[in-house]
Amino acid sequence: MSTMAKVWDISVDPEAAIDAAADAVAEGLCIVLPTDTVYGIGADATNARAVQGLLDAKERGRDMPPPVLVAEVGMLRALTDEVTPAMLTLAEAFWPGALTMVVKAHPHLRMDLGDRGETIAVRVPDHEFTRDLLRATGALAVSSANVSGQPAATTAQEAREQLGKRVKVYLDGGPASGGVPSTIVDLTGTPRILRDGKITREEIAALLPDLEPEPEPEPESVAPEVAAVEPEPAADELPDLPDDSELSPPPEAEAAAGNEG
């Protein structure tokens, strides 16, 4: 990857920033982009080598494939051939927005995002510049802009401090609004929330009555009762004890003493 990283202030010349980012994506390189949740690191979702570069930049394994960001709700039909009423209901209510849907991937989908099995996670961000960018680049594999295990970046500078020269272009859109990640809902079976986020469980349940209920917290372990201890007798209540000469050790103690080395 190139050792030169360029930072673009999208408020100064958004078209030039999009052109620079689109060129980097076409080269199979990573970019950092603002979204409506936190900053993301993105790469061409159709380029397996580029996606691997994204995972390497985050120091993340293929067992955690990134979701895909698209510009339009209609792109959902390009990613899955099973567009269900639940998907359409949530898309109408929350897209563009902070909801990621896990759906069954189209059987002929050519996106090597990692070990994603037969599913794909997709979202339309509620960020006008980012949707314009996606129209120029096509679908992007996007994950939070941070090294795995570190806090997600809420500014371009925070992303640069973590990812440095692993990224070709940084798109600076100012501080992220709120810094709360998207809610992830699995729609491949009975709807269930995989990660709580900006869209609340109550908002989703109001639209999907069959949403799997929130798991009940495990009961707290109860400390075993401490056995009652009889109070020690007062000095004047101590029984009469024999003289030391009358105390003979039990046989097992003698044996143990004989084994000391």
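A polar contact, as used in these legends, is a pair of N or O atoms within 3.5 Å; within protein, one must be able to donate a hydrogen and the other to accept it, and residues adjacent in sequence count only if both atoms are side-chain atoms. This is a predicted model, so local features need pLDDT of at least 70 and side-chain atom pairs count only at pLDDT 80 or more, while totals for chains, interfaces and linings use all residues. Residues are numbered from 1 along each chain as its sequence is written, and side-chain values use heavy atoms, with hydrogens and water left out.

**View 1. D36 and its partner R123.** The side chains of D36 and R123 are joined by a polar contact of 2.9 Å. D36 sits in the loop between β2 (31-33) and β3 (40-44); helices (H or I, at least four residues) and strands (E, at least two) are DSSP runs, numbered from the N terminus. Setting aside residues up to four places away in sequence, D36 touches G97, A98, R123, P125, D126, H127, S177 and K198, where contact means heavy atoms within 4.5 Å.

View 2. Ten strands make an open sheet in the order β1-β8-β2-β3-β7-β4-β6-β5-β9-β10, and the pairing is mixed. Two strands pair if DSSP finds at least two bridges between them. At the edges are β1 (6-9) and β10 (192-195), each pairing on one side only. Helix α1 (residues 14-26) packs on the sheet and touches β1, β2, β3, β7 and β8 (169-172), its direction making about 150° with that of β8. Helix α2 (residues 48-58) also packs on the sheet, this time touching β3 and β7, and its direction makes about 155° with that of β3. For these angles, axes are lines fitted to C-alpha atoms, for helices over the stretch in contact, and angles run from 0 to 180 degrees between N-to-C directions.

**View 3. V142 in strand β7.** V142 belongs to β7 (residues 140-144) and counts as buried, with 6% relative accessibility. Beyond its neighbours within four places in sequence, V142 is in contact with L33, G40, I41, G42, P66, P67 and L69. V142 and I31 are 111 residues apart in sequence, yet their C-alpha atoms are 9.4 Å apart in space. β7 also pairs with β4 (residues 68-69), antiparallel and over two bridges; L69 stands opposite L140 of β7.

**View 4. β5 between two partners.** Five of the six residues of β5 are buried, so this strand is largely enclosed by the rest of the structure. With β9, β5 pairs in the parallel sense over four bridges, and the bridge partner of V102 in β9 is D186. With β6 (residues 119-123), β5 pairs in the antiparallel sense, again over four bridges. There, V102 stands opposite A121.

**View 5. The buried face of α4.** In helix α4 (residues 85-94), the buried residues are A86, M87, L90, A91 and F94. Looking down the axis of α4, these residues fall within an arc of 130°, so they line one face of the helix; the arc is that of the directions from the helix axis to the C-beta atoms. They pack against α3 (76-79), β5 (99-104), β9 (183-186) and α7 (201-205). Turned away from the buried side of α4, the other face carries the exposed residues P85 and E92.

View 6. A156, A159 and L163 are buried in α6 (residues 156-163). Down the axis of α6, its buried residues fall within an arc of 60°, so they line one face of the helix. Their cover includes β2, β3, α2 and β8. Just past α6, G164 takes a positive phi of about 50°.

**View 7. R135 and E72.** The side chains of R135 and E72 make a polar contact of 2.7 Å. R135 is in helix α5 (residues 128-137) and is partly exposed, at 46% relative accessible area. Apart from residues up to four places away in sequence, R135 touches A71 and E72.

Technical notes:
Buried < 20%, exposed > 50% of the residue type's maximum accessible area, 1.4 Å probe, protein only.
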